[in-house]
Amino acid sequence: MHAITSFLNQLLFGHWPLKFFQNDFFHSFTVALSIGIALIAAGLLMLEQRAKKLGQPVPERTARRIGIALTV
């Protein structure tokens, strides 16, 4: 059990060996990407609520596909 915990701690919270992952550009990129995804998701939720209020709800299949795309 200790070996698995140690491996996961190193993988998730330790420094990764490649130089690319340890520079400022990668950190800035991941922060910008997470903020961008959050803003896109919030905008899509507002559009969905607006469409529902106007009586044109988003099809279930489309909403499901967007949810899966944001999750992956």
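At 57% relative accessibility, Glu60 counts as exposed, where exposed means over 50% relative accessible area, buried under 20% and partly exposed in between (1.4 Å probe, protein chains only).

This is a predicted model: local features need pLDDT of at least 70, side-chain atom pairs count only at pLDDT 80 or more, and totals for chains, interfaces and linings use all residues. Residues are numbered from 1 along each chain as its sequence is written, and side-chain values use heavy atoms, with hydrogens and water left out.

**Exercise 1. Find the salt bridge and place its partners.**

Start with the count: a search of the whole structure finds 1 salt bridge. The term means a side-chain nitrogen of Lys or Arg within 4 Å of a carboxyl oxygen of Asp or Glu. Next, name the pair. The side chains of Arg64 and Glu60 meet at 3.9 Å, N to O. Now place them. Both Arg64 and Glu60 lie in helix 3 (residues 60-71), 4 residues apart, about one turn of the helix.

**Exercise 2. List the elements and judge the overall form.**

Helices (H or I, at least four residues) and strands (E, at least two) are DSSP runs, numbered from the N terminus. The order is α-α-α from the N terminus on. Last, check burial: of the 72 residues, 1% count as buried.

**Exercise 3. Trace the nonpolar surface patch.**

Begin with the members: Phe25, Phe29, Leu33, Ile37, Ile40, Leu44, Leu47, Ile66 and Leu70. Together they have about 820 Å² of accessible area, by the Shrake-Rupley method with a 1.4 Å probe. Patch residues have over 30% relative accessible area and no salt bridge; nonpolar side chains are joined within 5 Å, like charges within 9 Å. Next, assign elements. Helix 2 and helix 3 each give two or more residues. The largest share, 7 residues, comes from helix 2. Finish with Leu70: this residue sits in helix 3 and is partly exposed, at 36% relative accessibility.
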